[in-house]
Amino acid sequence: MSAPEVAFVLPAGGSTGAVQVGILRALAERGILPDVVVGCSVGALNATFFALDPGVDQARMLVRVWEMLSRRDVFGGGRARTLARIIRRCDHIYDPAPLQALIRSLVPLADLGDAAIPVHVVTTDLDLGIARWWTRGPAHELLYASACLPGLFPPLHIDGRRHVDGGVLEPIPVQRAVDTDAGIVYVLGQAVGPGEDVPARMAALHVLLRSFGISRYARLPDPASLAHSGQRVVVVPGAPASGVDITDFSHTGRLIRDSVCSAHRFFDEMDRSAERVPFG
């Protein structure tokens with residue numbers, strides 16, 4: 001099998017996955033389409049949805065899906081039940097049913113390998129402490145496991161071991177895309193930490209999420225430095241998302257719109273720079 005020409009990398013990020021949705025739309029509008037997609041957590045969900053029928057129409061449909069999303073669609077409601085799980089010392093605080101239902105509605109696949117183009121999804125094996133990569137297998141279960149924020153949702157048992165969010169170990173899985181030997185790898189969005197705007201008082205959940213965000217992005221390598229000889233890794237910038245809580249979907253519209261514009265400006269500047277390069 002020949003190496004893919006173009007790979008897309010869709011990182012983790014919870015509600016800030018809206019950024020990669022805007023970038024994805026801009027890429028598709030410019031005729032830049034992937035031969036393979038690599039996704040982690042919310043990026044795995046977006047990547048798989050797009051891989052069903054990669055093109056402008058699918059990218060725009062994903063935008064419409066995100067514009068209708070609310071926190072309740074992912075994390076559900078019922079504060080009393082959430083509090084009860086904390087008191088009972090459960091391994092999670094949110095009901096996984098809304099997230100699982102959302103995945104089933106978005107991805108009508110039985111097997112991950114049935115998408116129109118190859119999809120690579122990562123989960124974290126909680127028992128062995130390693131990243132596990134999947135290109136085949138039960139799509140809904142694997143996507144849930146990849147997006148299963150530890151402590152927030154219950155781990156998924158696969159082959160007798162517990163799996164949680166792939167972003168624990170692979171928040172921006174550039175290396176996996178590079179290892180496909182794609183000629184060019186587009187990373188949809190820049191690595192952004194949890195921001196410096198910290199409230200004076202934080203509830204236990206916010207302490208957990210902020211700590212998780214800090215650990216995920218600590219000491220990440222420059223994506224361009226991972227490229228093999230003859231390969232290019234291009235980080236496509238989107239809207240600034242620093243300080244946006246990963247459970248807060250109230251910024252979705254702005255993040256998508258600004259990311260579409262940011263990505264188009266980025267490629268317009270690339271085109272102008274190429275025109276200024278003298279021949280000879």
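Before the details, residues are numbered from 1 along each chain as its sequence is written, and side-chain values use heavy atoms, with hydrogens and water left out. In this predicted model, local features need pLDDT of at least 70 and side-chain atom pairs count only at pLDDT 80 or more, whereas totals for chains, interfaces and linings use all residues.

Let me begin with the cores, where a nonpolar core is a set of buried Ala, Val, Leu, Ile, Met, Phe, Trp, Tyr and Cys residues joined through side-chain atoms within 4.5 Å, and buried means under 20% relative accessible area, exposed over 50% and partly exposed in between, with a 1.4 Å probe and protein chains only. The largest nonpolar core has 69 residues, of which F8, W66, F153, Y186 and L188 touch the most other members. The largest share of this core, 8 residues, is supplied by helix α1, residues 17-29; helices here are DSSP runs of H or I with at least four residues, strands are runs of E with at least two, and both are numbered from the N terminus. Beyond its neighbours within four places in sequence, F8 is in contact (heavy atoms within 4.5 Å) with residues that include L24, L27, F50, Y186 and L188. There is also a second, separate core of 16 residues, among them A7, V38, V178 and V187.

Turning to helix α6, residues 97-106, we find L99, L102, I103 and L106 buried. Seen down the axis of α6, these buried residues fall within an arc of 100°, so they line one face of the helix, the arc being that of the directions from the helix axis to the C-beta atoms. Their cover includes α2 (42-51), α3 (56-67), α4 (71-75) and α7 (139-146). Helix α7 is itself mostly covered, with 6 of its 8 residues buried, namely A139, L142, L143, Y144, A145 and S146.

D159, between β5 (156-158) and β6 (161-165), has a positive phi of about 55°, and at 65% relative accessibility D159 counts as exposed. D181, in the loop between α8 (174-178) and β7 (184-188), has a positive phi of about 70° and is partly exposed, with a relative accessible area of 48%.

As for the second largest pocket, I172, V174, L220, P221 and P223 lie nearest its centre among 17 lining residues; a pocket is an open set of points on a 1 Å grid over the protein atoms alone, where a 1.4 Å probe fits, with protein on both sides within 12 Å along at least five of seven lines, and lining residues have an atom within 4 Å of a point.
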